[in-house]
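Please keep the sequence and the model side by side as you read.

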Amino acid sequence: MVSSLSRSQKGLILLALDASSIVAAYFLALALAHSGLPEAARPPAALPVLAVMVALGVALSLHLGLHRVKLNAYELQRVLGTAGVGAAMGMTGVAVNVVSGGTMPASVFVIFTMTFVILSGSTRLLLREMTLWIYRTGQLRKRVLIYGAGKTGQQLAAALAMDDALLPVAFLDDNPTLQSLTIADLKVHSPIRLPELVRERRIDSVIIAMPSASPATRARITRLVRRLGCEVHTLPSFAQLVLGRPGGSKLTEAQLYGLLGRGGMEPKVPGMAEAYRDRSILVTGAGGSIGSELCRQILSYRPRRLVLLDHAELPLFNLERELSELDTDTEILAVLGSVCVRALVERVLCETETDVVLHAAAYKHLGMVEENAVEGLRTNVLGTKVVADAARDAGVGRFILISSDKAVRPASVLGASKRLAEMIVQDLATRSTTTRFSMVRFGNVIGSSGSVIPLFEEQIARGGPVTVTHRDVTRYFMTVSEAVHLVLLAGALSRGGDLFALDMGAPVSILQVARQMIEGAGYTLRDAETPHGDVEIRFTGLRPGEKMHEELLTGSEMLTTPHPKILRTQEGHVSELEMANALRDIRASVEAQDAKAAHDAAMRWVGDRGVPPRGTGTAGLASSLGPSALPVSPHR
């Protein structure tokens, strides 16, 4: 009933209560001043003065907005406003009494002022408690214990007082001077009583409201609460939230390169902007982490048109809105659709007169592609074939494929699909006279969806454990910025058939990264030697298709580029006939929705090495992969 009242209806109720408080305070003041109502003060003799004070009181309440103040926000400042209204009415009453020749003493109006303030304030406080009681008993709310009775905890308790979903039950605090006190209507208990309170008060969740506490302290509390079967959340200070510093352990760029053991790359080379200025550029997979950053960076080179192609509606919508709000002369076009639809891709390339294609559309999560081999191969292999063929037929100037280090000697469907995509591009590069086809290989891109370092940050913030597949596993890492600049440099430097990679130094131990991130966040590692540490590392084992170590190149001859950290090579390729046979096998298994056949075909065509020696054709491929690697397709 209370919650169904409109704001105007609640305001009218408060105005009526204020008017009633004026009347009651007036007659109470008369009775207290004269030990009963004197004859001169009885109605109707008292009505003129009372009418003036009621009118003034209501007018002042309206002017000050006291009738619009929410009950749970009625605090000291509003009490002072009520006192001001009472004082104004008291002084007005004295003036009216004198002008009208009344005989009431000034003490009556002094008592009236004090009585009105008491009545008005207590009425609102009583209504507030009644409303809180209705909220607390009328809805099933999650019972919350607030760990920390300082400023942040008090602000949280006040904010949750009338929350529909959460009910603060009590405080916990390590400070002995606060224990046994009552703050914001909640009693403060010692942390020793945590198990008892969880059991007796039926606590569902504990919120740690101690932003100044060390990470180790928060980790200790988190472990204790979880052992009791409760949810646990950590709250930053309100100042941190407002200032955009949520108190997390996000790595700075300097810290990131410290983990990787190398410096960053210089983002540009002279003349790179000319490759994109006044061009029409298509980015496939534009809504993804790499694709979206590519689009942002490309805009700085002032292309004539930027076409965003993605099958995911929401990321595409958000990216188009973001880019369209920028002050740029570039035409932004968003195309919703799949790279596997040939008619769509051909139409887009033709209508937009595309000069450059940056092909980022791909499924890239190893476990998901391993479990969904058909769709992984459909998009990563057949989709690449569709876009690459359409680019050649449309006379596109440059085509850049974004590949992965998993394409080198692939052990997974994902790696095989990326290697097959490379083979498609390499094959077209040898036969195209209008389009320059090139590729870039990435290591693990930090900050992209599913990247291990953001996962570690999230696990550390929760108090662990940090999950590592194997203590000896290593990976190459690069930042999103480096990945994007590598793609853009490849587009500018391509001569056709090139494969570009970033010199990322030595591969990085994932276990060492996990240790450094735990210690860098202020925690101690919990292991056999330090059983009382804060965060443990848990080994989960390599997933199907996952390799212990990744490679970027296979030792082929390196060619120089204008950028000292960009490596370029021209690896071997298969013949047109072999490529056609491989695609036939992949397409047949995909159309049949045969996951096992798709998996077997992909792994058979890339063999156990995945990268044939430079300059090999069918015979060279056979000799490099061994006799068992040559495909024997049942469809032949």
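In the largest nonpolar core, which has 50 residues, F399, L420 and I586 touch the most other members. Here a nonpolar core is a set of buried Ala, Val, Leu, Ile, Met, Phe, Trp, Tyr and Cys residues joined through side-chain atoms within 4.5 Å; buried means under 20% relative accessible area, exposed over 50%, and partly exposed in between, with a 1.4 Å probe and protein chains only. Helix α14 (residues 373–393) gives this core its largest share, 10 residues. Another core lies apart from it and has 43 residues, including I298, V445, L502 and L552. In soluble globular proteins, nonpolar side chains tend to be buried together.

A word on the ground rules: this is a predicted model, in which local features need pLDDT of at least 70 and side-chain atom pairs count only at pLDDT 80 or more, while totals for chains, interfaces and linings use all residues. Residues are numbered from 1 along each chain as its sequence is written, and side-chain values use heavy atoms, with hydrogens and water left out.

Now look at L420: leaving aside neighbours within four places in sequence, L420 is in contact (heavy atoms within 4.5 Å) with V381, M579, I586, A602, W605 and V606. M579 and I586 are among the buried residues of helix α19 (residues 576–591), as are L583 and V590. Helices (H or I, at least four residues) and strands (E, at least two) are DSSP runs, numbered from the N terminus. After α19 comes Q593, with a positive phi near 55°.

Next, find the open sheet, where eight strands follow the order β9-β8-β7-β10-β11-β12-β17-β21 with mixed pairing; two strands pair if DSSP finds at least two bridges between them. β9 (331–336) and β21 (566–569) stand at the edges with a single partner strand each, so one side of each lacks a neighbour in the sheet. From one strand to the next, the twist averages 20°.

Within the sheet, β7 (residues 280–284) runs parallel to β10 (residues 356–359), joined by four bridges, and L282 stands opposite V357 in β10. β7 also pairs with β8 in the parallel sense, over five bridges, and T284 has L309 of β8 as its bridge partner. Six of the six residues of β8 are buried, so β8 is largely enclosed by the rest of the structure. From β8, R305, V307 and L309 point one way and L306, L308 and D310 the other. In a regular strand the side chains alternate between the two faces of the sheet.

Helix α11 (residues 313–324) touches β8 and β9, and its direction makes about 175° with that of β9. Helix α17 (residues 480–493) lies across β10, β11, β12, β17 and β21, at about 160° to β12. Axes are lines fitted to C-alpha atoms, for helices over the stretch in contact, and angles run from 0 to 180 degrees between N-to-C directions.

Finally, visit F539 in strand β20 (residues 535–539). F539 is partly exposed, with a relative accessible area of 34%, and its C-alpha atom is separated by 5.2 Å from that of T469, 70 residues apart along the chain.
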